[in-house]
Amino acid sequence: MTRQELDAALARLGLDVPAQERDEILAAAHLYEDMARRVKNPRWVGAEPAHTVAFPEQ
Amino acid sequence: MVADHLTIVEAARLIKRKELSPVELADSRLARIETLDGQLHSFIRVLPDEARRGARACEAEIMAGRYRGPLHGIPIGLKDIYETAGIPTTGHSKVMQDHVPAVDAFTVTRLKDAGAVIMGKLATHEFAFGGPSFDLPWPPARNPWDTTRFTGGSSSGTGAAVAAGLVLGGTGSDTGGSIRGPAAYCGLAGIKPTYGLVSRAGILPLAFSLDHAGPLCWTAEDCAIMLQAMAGHDPADPASADRPVPNFRRALTGEVKGLRIGLVRHFYTTDNEANAETRDAIDAAARQFAEMGAAVREITLSPLAEWASCGVLIMMAEAYAIHEANLRTRFTDFGEIFRDRMVLAGLWSAADYVQAVRRRRELIDEFDRAMADLDLVMTAAAPSEAPKIDAVPKFAIMERPSLTMPFNVTGTPAMSVCCGFTAAGLPLSFQIVGKRFADATVLRAADAYERATPWRQRRPAL
């Protein structure tokens with residue numbers, strides 16, 4: 001992620017983040033990208049999420 | 001003269017025999033808070049009038065022959081995310097410092113009904129997530145074993161107050177390890193019960209699908225007593241399980257013979273490498289269980305980073321949704337750690353969140369398969385003793401995979417148990433984990449281990 005991408009994302013989110021904190025957040029952005037990559041391992045197209053709702057029988 | 005340190009079991013025995021007055025006990029804790037909490041900062045708000053009033057009522061009931069049980073007259077503290085009627089519940093945040101709930105959380109009502117005396121509201125990481133922070137309206141709690149050290153979080157005040165003997169037990173919440181972390185660093189027993197066993201209603205949320213409420217105490221038996229009061233069905237919590245609650249204390253037989261325990265060693269030897277003293281202490285605990293007749297064998301699960309990534313993504317996405325409006329309008333009213341972690345969560349996509357929840361199902365299935373021929377799993381609760389309080393990185397939860405998060409992902413009961421001390425005298429800990437709703441088995445193993453080892457005899461020198 002570049003600084004411009006971060007600034008654009010923060011503008012979209014409506015967050016008024018001080019400049020120094022933006023630098024630290026940018027430096028940590030790869031941690032998020034690593035985590036997001038880890039949960040995207042190949043899986044069957046129909047693999048369900050954990051919180052699929054099961055309504056109790058009436 | 002009341003002893004500086006008493007377990008709930010010890011105090012309850014004296015109170016039941018009318019050898020210790022709840023008023024005397026509450027006064028002794030208030031005096032201890034007055035003496036020690038200036039250096040520990042475990043309380044956000046001490047409630048001396050309410051505590052004395054509650055203790056007097058307990059005393060009157062007991063003297064009239066209406067003894068309620070082992071929490072009757074016992075001084076406890078509440079993490080300041082547990083709502084209390086007429087008493088501010090702040091989440092340790094400027095954002096909610098004027099929030100005064102109209103009613104008690106379900107669990108607070110249950111604890112009061114059991115006769116517990118509420119001593120006050122305890123420090124937490126901001127909204128059970130951001131800390132240790134030095135830019136909030138209240139300072140962070142400090143570790144009674146060494147006040148330059150971190151308590152762990154987010155149930156930081158509870159960890160400090162129980163370890164220091166300011167209260168005999170306290171409530172915590174655990175979304176990624178916030179009961180087990182402070183229990184580990186402060187040398188306590190702390191149980192994150194099965195998801196659904198204890199109501200979350202009236203507790204400020206961090207992440208709906210991962211939040212658990214539970215107790216931190218000096219011993220597993222004390223945890224069993226507090227959990228007994230806190231557990232039970234609550235229609236106000238949509239995740240609350242409508243099933244009978246077992247008698248946890250009765251399950252504490254002191255025996256582990258025949259229990260099958262899987263040791264997840266790779267979590268703390270390679271995935272998040274623990275220091276030598278921690279590794280040795282956990283390995284010794286595993287040998288102790290084997291000597292007591294349990295069948296201990298090493299097992300392998302998916303790498304820790306897989307579990308942690310899944311849990312952290314879900315936790316932060318759900319937390320962002322909860323705090324989104326205030327982040328937009330009051331960004332700098334939050335502490336820097338909380339708000340900057342939340343910004344990262346704002347960068348998640350909806351698809352990232354759904355992928356994490358799909359991964360969660362796979363990991364739950366994997367854990368259930370691993371448990372098919374096991375009763376318990378054990379592993380580390382933390383990779384080391386408590387670090388210095390000013391040495392905790394802002395993005396710590398993302399830099400090293402959490403050893404506790406896997407069992408928030410699975411929703412299974414998990415407990416920190418003290419298993420010794422470093423050469424410098426700081427507590428070490430391991431984690432014991434059970435099958436869903438087998439909380440009694442977890443408590444039974446923890447209690448048996450505590451009875452067989454000397455670690456509960458040592459208290460912080462304050």
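In chain B, helix α5 is followed by B:G165, a residue whose phi is positive, near 75 degrees; helices here are DSSP runs of H or I with at least four residues, strands are E runs of at least two, and both are numbered from the N terminus. This is a predicted model, in which local features need pLDDT of at least 70 and side-chain atom pairs count only at pLDDT 80 or more, while totals for chains, interfaces and linings use all residues. Residues are numbered from 1 along each chain as its sequence is written, and side-chain values use heavy atoms, without hydrogens and water.

**Helix α5 of chain B**
- Helix α5 (residues 156-163) is mostly covered, with 8 of its 8 residues buried, that is, under 20% relative accessible area with a 1.4 Å probe and protein chains only.
- The cover over these buried residues includes strands β1 (43-46), β2 (75-79), β3 (117-122), β4 (169-174) and β6 (212-217) as well as helix α6 (180-186), all of chain B, where contact means heavy atoms within 4.5 Å.

**Helix contact in chain A**
- A:R3, A:L6, A:D7 and A:L10 of α1(A) meet A:A19, A:R22, A:D23, A:I25 and A:L26 of α2(A).
- By class, this contact of α1(A) with α2(A) has 5 nonpolar, no polar and 4 charged residues, with Ala, Val, Leu, Ile, Met, Phe, Trp, Tyr, Cys and Pro counted as nonpolar, Asp, Glu, Lys and Arg as charged, and the others, Gly among them, as polar.

**Charges over rings in chain B**
- B:R341 lies over the face of B:F129, at 5.3 Å from the ring centre, under a rule that requires NZ of Lys or CZ of Arg within 6 Å of the ring centre and within 35 degrees of the ring normal.
- The charged end of B:R458 sits over the ring of B:F421, 4.3 Å from its centre.

Key:
Chains lettered and ligands numbered in written order. Buried < 20%, exposed > 50% of the residue type's maximum accessible area, 1.4 Å probe, protein only.
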